[in-house]
Amino acid sequence: MQACIDIDGVIAKSLDLFLDIIPDLTDGRVNYKATDIKNWKMEDNEDALGNSITPEEFEKAHEIFSQRASEIEPMEGAVETLHDLALDFDIHFVTGRQHTTKETTAMWLREHGFPEHTLAYVERGQKQNYCMDADFFIEDDPLQAEICNDWGIPTLLFDQPYNQNSHINRIESWHDLINYI
Ligand SMILES: [Mg+2]
């Protein structure tokens with residue numbers, strides 16, 4: 001059986017790194033808390049004082065994110081649960097990360113002890129082409145989850161503050177997954 005799994009916001013606590021980068025990048029102008037990030041597009045969110053990152057600042061933040069990707073913490077329970085899953089499923093990680101992160105990402109997966117896997121780089125909105133035969137797919141991007149769900153791929157949305165409006169089946173945590181498989 002085949003499992004397709006996104007990386008950022010699913011097995012990696014990627015939002016934490018963005019929230020660390022943004023205050024420095026904006027000289028303290030924007031101070032997002034995780035609960036401020038109600039929309040997928042970072043520019044569409046406001047901090048407590050009503051300030052938002054600009055698209056140009058976000059582009060820079062994304063560059064820095066890619067350079068610092070090795071610092072990201074794994075999501076709680078992800079490594080352990082994936083080892084359990086790997087007894088029955090081939091694990092395929094599918095990421096929309098920048099291609100410059102290829103080495104860092106491969107090393108991060110190894111160093112944190114994720115089970116044997118494949119790793120594919122796929123543009124946002126195109127993962128359905130890669131995950132077509134998956135027995136399930138886990139994603140935090142509400143748009144990509146919606147597309148895969150429409151394609152008939154059993155899709156689970158990993159709970160994040162920026163995907164609360166989606167009606168796709170949701171898991172709150174990696175420990176929660178066991179109820180769905
Ligand atoms: Mg993601």
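This is a predicted model: local features need pLDDT of at least 70, side-chain atom pairs count only at pLDDT 80 or more; totals for chains, interfaces and linings use all residues.
## Strand pairing around S4

Two strands count as paired if DSSP finds at least two bridges between them. Strand S1 (residues 2-5) runs parallel to S4, and 3 bridges join them. Within that pairing, Ile5 sits opposite Ile138 of S4.

S4 also pairs with strand S5 (residues 155-158): again the strands are parallel, with 3 bridges between them. Here Ile138 has Leu156 of S5 as its bridge partner. So what do S4, H6 and S5 make? The answer is a right-handed β-α-β unit.

## Is S4 buried or exposed?

Take S4 one face at a time. Phe136 and Ile138 lie on one side and are buried. Phe137 and Glu139 lie on the other, and they are buried as well, which leaves both faces of the strand covered.

Zooming out, the chain splits into domain 1 (2-13 + 74-179) and domain 2 (14-71). Their C-alpha centres are 22 Å apart. Where they meet, 18 residues of domain 1 contact 12 residues of domain 2.

On the domain 1 side of that contact, helix H4 (102-111) and helix H6 (142-150) each put in at least two residues. H4 gives the largest share, with 4 residues.

Note on methods
Residues are numbered from 1 along each chain as its sequence is written. Domain bounds come from an automatic or database domain assignment. Two residues are in contact if their C-beta atoms, placed from the backbone, lie within 7 Å. A residue is buried if 20 or more other C-beta atoms lie within 10 Å of its own, exposed if 12 or fewer, and partly exposed in between; C-beta atoms are placed from the backbone. A crossover is right-handed if, with the strands pointing away from the viewer, the path from the first strand over the helix to the second runs clockwise.
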